[in-house]
Amino acid sequence: RSIIYFDKNSIAYLPSVGLGISAKIHPQKKYKCTLCKTDGEVIKKGQPIIEFDLEDYNEPGIVKSKFKGKIHYLVRTGDSISLNEEVAIVSDPMDNNEDVMKWYRGVILGEKDE
């Protein structure tokens, strides 16, 4: 299981501003997102999983998966995301959502099973 973050390593596309200079992601700003896949869908490495609005540009930025497997989103379409936020988990295709979320809460939030 792997967590995908909205960070500079997962952003695969930022529109150019002219002269080949890419748009910038601001650490304190929030970006409205749209999911590119269905929660629970099996995806391939490199597929777009989230688009995010860049207010001053006609085209959205794109987050691509660095892993293959079943996607479990931690955000929904219309949510606002900020830099370094967890946006999804990619797991084994046989994993169910409940087990993946229990694992996530244990890893990120330090919750223990009862």
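Modeller: In this predicted model, a residue is called buried when its relative accessible area is under 20%.

Colleague: Is cysteine 33 buried or exposed?

Modeller: The relative accessibility of cysteine 33 is 1%. The cut-off for a buried residue is under 20%, so cysteine 33 counts as buried.

Colleague: How many disulfides does the structure hold?

Modeller: A disulfide is a covalent bond that joins the sulfur atoms of two cysteines. The pair of sulfur atoms must lie within 2.5 Å. For cysteine 33, the closest cysteine sulfur is that of cysteine 36, at 9.4 Å, and so too far for a bond. The count of disulfides is accordingly zero.

Colleague: Which arrangement do the rings of tyrosine 31 and phenylalanine 52 adopt?

Modeller: The ring centres are 5.8 Å apart, and pairing requires centres within 6.5 Å. The planes meet at 75°, and an angle over 60 degrees has its own class. The pair is therefore edge-to-face.

Colleague: Which strands does this pair link?

Modeller: Tyrosine 31 and phenylalanine 52 are both buried. They lie 21 residues apart, in distant parts of the chain. The strands are E3 (residues 30-35) for tyrosine 31 and E5 (residues 48-52) for phenylalanine 52.

Colleague: Which residues form the cluster linked by ring pairs?

Modeller: The structure contains three aromatic pairs. Ring pairs join these residues into a cluster: Phe6, Tyr31 and Phe52.

Terms used:
Residues are numbered from 1 along each chain as its sequence is written. This is a predicted model: local features need pLDDT of at least 70, side-chain atom pairs count only at pLDDT 80 or more; totals for chains, interfaces and linings use all residues. Side-chain values use heavy atoms; hydrogens and water are left out. Rings of Phe, Tyr and Trp (its six-membered ring) pair if their centres lie within 6.5 Å; planes under 30 degrees apart count as stacked, over 60 as edge-to-face and the rest as tilted. Helices (H or I, at least four residues) and strands (E, at least two) are DSSP runs, numbered from the N terminus. Buried means under 20% relative accessible area, exposed over 50%, partly exposed in between (1.4 Å probe, protein chains only).
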